[in-house]
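Please take me through this model in the viewer, one selection at a time. For each stop, say what to select and what is there.

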Amino acid sequence: HGGTITLHEYFGELNSLLDARLTVEEFRASAALAAEQTAVANKQPPSSLADGSIPEIVVDDNSPDVALSGEWTAAADPLRAYGLDYRLSTKAGDSALFTPRGISPGLYRIYAYRPKLENASGLHNIEVEVFDGHATHRSSVENISGEVLGQTFGEWIEAGVYNLAPEASVRLIAPAAGLPLDALLFLPLN
């Protein structure tokens, strides 16, 4: 043939290339689906650690596991925040619903991370509603007061001990404007 091909050979090669292209596209789609499923699985905390203990769970304010209600303003301040930012309530009644993934049934001590803010002495306590999977428990957590010293820009404040089921959630409710909101820590006790 000396560098030329027949029309029949041309279409035969073209069909082979199109068949191969569909296979590559199918492979890419399959790989994308597998990557998405792996990403979702990796977001789920393990149900137990190598030693058999239950891991602690931290849910930050900018997590998809937090639903904000009302109008919160974001404050980018990595020195005070857990992570890069925290939220400030704009009015009384603003709330945030934390729904942690991977809760194993059992007893948990819940902590709220609260950034220490200058001139925050007049802030009220934050209201807490814990749905343990069966009933809702209401309490009030004392707000941080006092001056900001040294490198201490925030702290974990205990919000109580609860026997939680996998469908547990915690709602924090601001009784006034200017109340900071950041992360929750679920520390297993059993």
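**Stop 1**

Select Val-58 to begin: its relative accessible area is 32%, so it counts as partly exposed. The model is a predicted one, which applies to every stop on this tour. Val-58 belongs to strand S1.

**Stop 2: Asp-61**

Next, select Asp-61, in the loop that runs between strand S1 (57–59) and strand S2 (66–69). Is Asp-61 buried or exposed? Its relative accessibility is 2%, so Asp-61 counts as buried, the cut-off for buried being under 20%.

Show the side chains of Asp-61 and Arg-87: a polar contact joins them at 3.0 Å. Then display the other residues around Asp-61. Leaving out residues up to four places away in sequence, Asp-61 touches Val-66, Asp-85, Tyr-86, Arg-87, Leu-181, Asp-182 and Ala-183.

**Stop 3: Ser-95**

Move on to Ser-95, which lies in strand S5 (residues 95–98). Ser-95 has a relative accessible area of 5% and is therefore buried. Which residues is Ser-95 in contact with, leaving aside neighbours within four places in sequence? Select Ala-67, Leu-68, Ser-69 and Trp-72, then Arg-171, Leu-172 and Ile-173; these are the contacts of Ser-95 once those neighbours are set aside.

Definitions and conventions
Residues numbered from 1 in each chain as written. Predicted model: local features only at pLDDT ≥ 70, side-chain atom pairs only at ≥ 80, totals over all residues. Heavy atoms only, no water. Helix = DSSP H or I, 4+ residues; strand = E, 2+ residues; numbered from the N terminus. Buried < 20%, exposed > 50% of the residue type's maximum accessible area, 1.4 Å probe, protein only. Polar contact = N/O pair within 3.5 Å; in protein donor to acceptor, adjacent residues only side chain to side chain. Contact = heavy atoms within 4.5 Å.
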